[in-house]
Amino acid sequence: MTRFIRPRLRKPLRRAVAGLGIAGAWAIGGGQSWWLAIVIAIVVVCSTAGWYVWAGQDTDEGALLGSRADERQQQVGQRARALAGTVAMVAAYAGLLVTLAVNRADAWPFAIMLFATGLGYLFGLSSYGSGEPAADEDADAGDQARAAAGG
Amino acid sequence: MRNHVREQRLLREMSQADLAAALSVSRQTVISIESGRYLPSLPLAFRIARFFDLTVDKMFDPDEEEAGA
């Protein structure tokens with residue numbers, strides 16, 4: 001579906017949807033501060049315009065935001081995401097420790113975050129790893145070469 | 001690892017932006033490769049070498065240390 005959206009607009013638009021989701025959730029939550037949802041939505045729309053402008057710039061960040069990153073820039077993005085994941089895992093662990101010590105009833109969101117990040121890591125290992133070790137083809141090739149040389 | 005991208009580019013009087021466009025990478029990546037901060041992938045190394053009509057081992061020398069490294 002994203003193929004129909006201009007590359008430069010894809011990531012800013014994705015972030016806008018995520019931000020407007022927060023605004024919507026805040027509005028659904030209601031209460032006296034429901035109007036803050038409007039403020040959040042305005043901030044999201046303005047920042048989306050900022051992301052779009054940034055995505056057009058001739059920088060590594062601009063290329064990543066504009067979905068036109070080359071191999072080095074993709075590597076930079078992967079490293080940044082890996083760092084963000086590590087920070088999220090450490091933050092979830094710290095939150096879990098604090099809530100377990102202070103109020104155990106509030107600990108479950110941190111436990112879920114820690115579990116999800118850990119599960120994501122394991123899933124990444126199984127998805128991107130080589131999986132089962134391949135048969136030792138070199139040994140076979142060596143045998144054949146020796147047989148050919150001997151024959 | 002030392003490479004000869006900068007020398008070859010200057011021999012052909014090309015700008016970093018021209019080379020970047022020819023290799024379908026960003027100007028920042030050409031700068032990183034020339035300064036030795038980034039080692040290109042094998043496909044990109046071949047693209048660079050072919051662009052300059054050289055072999056990969058003539059373009060990238062693993063035995064030579066990057067100047068200033």
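Predicted model: local features only at pLDDT ≥ 70, side-chain atom pairs only at ≥ 80, totals over all residues.
Local features need pLDDT of at least 70 and side-chain atom pairs count only at pLDDT 80 or more, while totals for chains, interfaces and linings use all residues. Residues are numbered from 1 along each chain as its sequence is written, and side-chain values use heavy atoms, with hydrogens and water left out.

The contact (heavy atoms within 4.5 Å) involves A:Ala88, A:Met89, A:Ala92, A:Tyr93, A:Gly95, A:Leu96 and A:Thr99 of H4(A), and A:Phe110, A:Ala111, A:Met113, A:Leu114, A:Thr117 and A:Gly118 of H5(A). By class, this contact has 9 nonpolar, 4 polar and no charged residues.

The largest pocket holds about 320 Å³ of space. A pocket is an open set of points on a 1 Å grid over the protein atoms alone, where a 1.4 Å probe fits, with protein on both sides within 12 Å along at least five of seven lines; lining residues have an atom within 4 Å of a point. Its lining includes A:Gln78, A:Arg81, A:Met89, A:Thr117 and A:Tyr128. H4(A) gives the largest share of this lining, 6 residues.

The second largest pocket holds about 250 Å³. Among its lining residues are A:Lys11, A:Arg15, A:Gln78 and A:Arg81. Here too, H4(A) supplies the largest share, 6 residues.

Terms used
Chains lettered and ligands numbered in written order. Helix = DSSP H or I, 4+ residues; strand = E, 2+ residues; numbered from the N terminus. Nonpolar A, V, L, I, M, F, W, Y, C, P; charged D, E, K, R; others polar. Points joined across faces, edges and corners; volume = space filled by probe spheres on them.
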